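Trainee: Could you walk me through this structure, slowly please?
Mentor: Gladly; have a look at it and then ask away.

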Amino acid sequence: MSPKSENSTRKAKPKSADDSVTPALNMYTYNVEDKTEDKENDANTEVIEECRQLLQNHKVPLVGNVLPNEMLRYLQLNMVFDSDTAQRIRRGGKGVAAETNQLIITELLTRGQREFDVYCNGLIAMNLNLLADLLQQKHFSKNMHVLEPASKMLGHHWKRLAIELGVSRHVPKIEAKYVRIREQALYCLLLWEQTAGAQATGRRLIDAIEACDMKRTAAHVRKVVDPKSGKKKKKGKKSGKKKAKKK
């Protein structure tokens, strides 16, 4: 028998079930892996975006309370910023704490979750426990730009204000949680904002402060709520001829 005829009489080997299914299974596996990876990337993106929003929301207290040089050293020690970045921020801040803190936050807004977590640990290292808690617990405040400046003016009188705002029942909890007076005052105002909801407005806060006879603090908060209220009207130009200079 010739090779040709021998080949023609050979029967084709039937495909096994595994041969036909394996490519489809592999394709399905790849699709599942791709979708899982996409979901993880989306979740990471959402977390990073939330970290950035928290930094933006708490910028006022962070800029006003953090010791920038100490924070820069901490971030550099924990490999968040290299020496060049830290030096650039120091030069840009020109020795002004608020400006330097602004630049630190601006730089962190370009980073990820790890850098955010290190920054929070830096706040704890500086005993800024309330700010660290607010960031780590993902607390957002609509009135932080008003509450933080007000808290700095209250001192020990925050307890009187707590009575006027209807949150005096939280005083023992506040004193047990935080030791520093400024943190107690700010936490009190944040609890009021949380419990009062839509009623927690700048106007309501000013009224409560005035009811406690803290006129200076009320005036300060009023300027924060309405910056135009603190501006004096320009005096009109005086009419008449200028006096001639004596020779």
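This is a predicted model: local features need pLDDT of at least 70, side-chain atom pairs count only at pLDDT 80 or more; totals for chains, interfaces and linings use all residues.

Trainee: Which residues of α14 are buried?
Mentor: In α14, a helix of residues 215–225, these are Thr-217, Ala-218 and Val-221. Buried means under 20% relative accessible area, exposed over 50%, and partly exposed in between, with a 1.4 Å probe and protein chains only. Helices here are DSSP runs of H or I with at least four residues, numbered from the N terminus.

Trainee: And what is on the face turned away from the buried side of α14?
Mentor: That face carries Lys-215 and Arg-216, which are exposed.

Trainee: New topic: how many salt bridges does a search of the whole structure find?
Mentor: The search finds nine, where a salt bridge is a side-chain nitrogen of Lys or Arg within 4 Å of a carboxyl oxygen of Asp or Glu. One of them joins the side chains of Arg-88 and Glu-107 at 3.1 Å, N to O. Arg-88 belongs to helix α5 and Glu-107 to helix α6, so the pair ties together parts that are 19 residues apart in sequence.

Trainee: Is Glu-107 buried or exposed?
Mentor: Glu-107 is buried, at a relative accessible area of 15%, whereas Arg-88 is partly exposed at 41%.

Methods
Residues are numbered from 1 along each chain as its sequence is written. Side-chain values use heavy atoms; hydrogens and water are left out. Helices (H or I, at least four residues) and strands (E, at least two) are DSSP runs, numbered from the N terminus.
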